[in-house]
Amino acid sequence: MIHNIAIKIVDFLSKYGSTQKNRDVYIYGTECLISETIGNF
């Protein structure tokens, strides 16, 4: 579930200037960010 949310966020942000070159890295980083945020709450 977190992976799907991360993909949607990265796809949304890629429309506004980010490159597709590092898409997997952005997805992984977004997953980590979401996971840490949920863990802290």
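In which helix does S14 lie? S14 belongs to helix 1, helices (H or I, at least four residues) and strands (E, at least two) being DSSP runs numbered from the N terminus. The model is predicted, so that local features need pLDDT of at least 70 and side-chain atom pairs count only at pLDDT 80 or more, whereas totals for chains, interfaces and linings use all residues. Residues are numbered from 1 along each chain as its sequence is written, and side-chain values use heavy atoms, with hydrogens and water left out.

The protein contains two helices and zero strands. Its C-alpha atoms fill a box of roughly 30 × 15 × 15 Å along the principal axes. Of its 41 residues, 15% count as buried (under 20% relative accessible area, with a 1.4 Å probe and protein chains only).

Helix 1 (residues 2-14) packs against helix 2 (residues 23-40) at an angle of about 125°, and their axes are 8 Å apart; axes are lines fitted to C-alpha atoms over the stretch in contact, and angles run from 0 to 180 degrees between N-to-C directions. In the contact (heavy atoms within 4.5 Å), I2, H3, I5, A6, I7, I9, V10 and D11 of helix 1 meet R23, Y26, I27, T30, E31, I34 and I38 of helix 2. By class, this contact comprises 10 nonpolar (Ala, Val, Leu, Ile, Met, Phe, Trp, Tyr, Cys and Pro), two polar (the others, Gly among them) and three charged (Asp, Glu, Lys and Arg) residues.

S14 has a relative accessibility of 17% and therefore counts as buried. A polar atom of the S14 side chain lies 2.8 Å from the backbone oxygen of D11.

Terms used
Buried < 20%, exposed > 50% of the residue type's maximum accessible area, 1.4 Å probe, protein only. Polar contact = N/O pair within 3.5 Å; in protein donor to acceptor, adjacent residues only side chain to side chain.
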